[in-house]
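These are my notebook entries on one structure.

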Amino acid sequence: MAENDTINTMKDLIEATPEEVAKLEKQQEEQAARLREEERPLTKSQRKAQRDEENEKKALAAWVPKTALGKAVKAGKEKDFDELLTSHKKILESEIVDLLLRLENDLLLIGQAKGKFGGGKRRAWRQTQKKTMEGNVVTFSSLAVVGDRKGHVGIGMGRAKETLPSRTKALRQAKLSIIKVERGYESPEEKALKVEPHTVPFIVQGKCGSIRIKLIPAPRGTGLVVGDECKKILRLAGIADVYAVTRGQTRTTFNVAKACIDALKKTKEMQL
């Protein structure tokens, strides 16, 4: 069978024009590269991502919605997530978001590990203790951000006695608080080219507590000129280039994240 394929390919090469020969060679190279990729063993992180995706699909297939909106989404009657946001329908089940959007998630570093002279490494879980008659009761908090890199983003806080349950709560809360972000261009000339929007459409400001953050449109290729935790939010929102100015107690990561979300909300509100 393989010999017949080789003979047919040689006949095609003899009878074909130079353009067809180049096209055929390109197809063969792509097929060979695909075969090499399939034969290559998966890394530990790739296997974990594959398992998580399979578990998520199984959970969505076994999901039994409890709300009217959840039943409509599961039945396929509601397919546009933006319509749900504009109609101000209350989303009470995180599975609704999972079905309508393809989300990525990340954890913001709100805690700090123990270290010499108080200089421990930042970590995703903030540990607090409550003094009781029985002793110290430890609680873990985490702050999650989810987004599809196409203008949808949300953050959520979770608190539990263990780290993984707090992460699960934070992800659920982030999915239920997703907002639509209006993206834009640095100049009208770039908008006329009909390329992918890459920055905020105009200067927006957000605040939370003592934090004041200003997001300024930037030229394509600038990158995210902002703190590391805000980078995670903006990246998942689909914003690739922006200048930012922050004031206040910026070490309070939770307030910085909320101020960033407040600024992104105004991109949509000021467009309406």
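**Entry 1: helix packing**

At what angle do helix H9 and helix H10 pack, and how far apart are their axes? I worked from a predicted model throughout. I found that H9, residues 228–237, and H10, residues 253–269, pack at an angle of about 30°, with axes 9 Å apart. I noted the crossing of H9 past H10 as right-handed.

I then listed the contact residues. H9 contributes Glu 229, Cys 230, Ile 233, Leu 234 and Ala 237. From H10 come Thr 253, Val 256, Ala 257, Cys 260, Ile 261 and Leu 264. By class, the residues of this contact are nine nonpolar, one polar and one charged.

**Entry 2: the sheet**

I looked up the strand order next. The sheet is open and has four strands in the order E8-E9-E11-E10, with mixed pairing. Why is one side of E8 and of E10 left without a neighbour in the sheet? Strand E8 (204–208) and strand E10 (224–225) are at the edges and have a single partner strand each, so one side of each lacks a neighbour there.

E8 and strand E9 (residues 211–217) run antiparallel and are joined by five bridges.

**Entry 3: the largest pocket**

I recorded a volume of about 1,300 Å³ for the largest pocket. Its lining has 29 residues, and those nearest the centre are Asp 52, Glu 56, Leu 103, Asn 105 and Lys 175. Two or more lining residues come from each of helix H3 (44–61), helix H6 (94–100), strand E1 (104–108) and helix H7 (163–176). H3 gives the most, with 11 residues. I sorted the lining into 14 charged, nine nonpolar and six polar residues.

**Entry 4: the second largest pocket**

The second largest pocket holds about 640 Å³ of space. It is lined by 20 residues, with Leu 85, His 88, Ile 178, Ile 179 and Lys 180 closest to its centre. Which elements supply at least two residues of this lining? I found helix H5 (81–86), H7, strand E7 (179–180) and H10. H5 has the largest share, five residues. I counted nine nonpolar, eight charged and three polar residues in the lining of the second largest pocket.

Definitions and conventions: Residues are numbered from 1 along each chain as its sequence is written. This is a predicted model: local features need pLDDT of at least 70, side-chain atom pairs count only at pLDDT 80 or more; totals for chains, interfaces and linings use all residues. Side-chain values use heavy atoms; hydrogens and water are left out. Axes are lines fitted to C-alpha atoms, for helices over the stretch in contact, and angles run from 0 to 180 degrees between N-to-C directions. A crossing is left-handed if the near helix is turned anticlockwise from the far one by less than a right angle, and right-handed if clockwise. Contact means heavy atoms within 4.5 Å. Ala, Val, Leu, Ile, Met, Phe, Trp, Tyr, Cys and Pro count as nonpolar, Asp, Glu, Lys and Arg as charged, and the others, Gly among them, as polar. Two strands pair if DSSP finds at least two bridges between them. On a 1 Å grid over the protein atoms alone, a cavity is a set of points where a 1.4 Å probe fits but cannot get out, and a pocket is an open set with protein on both sides within 12 Å along at least five of seven lines; lining residues have an atom within 4 Å of a point. Grid points are joined across faces, edges and corners, and a volume is the space filled by probe spheres set on the points.
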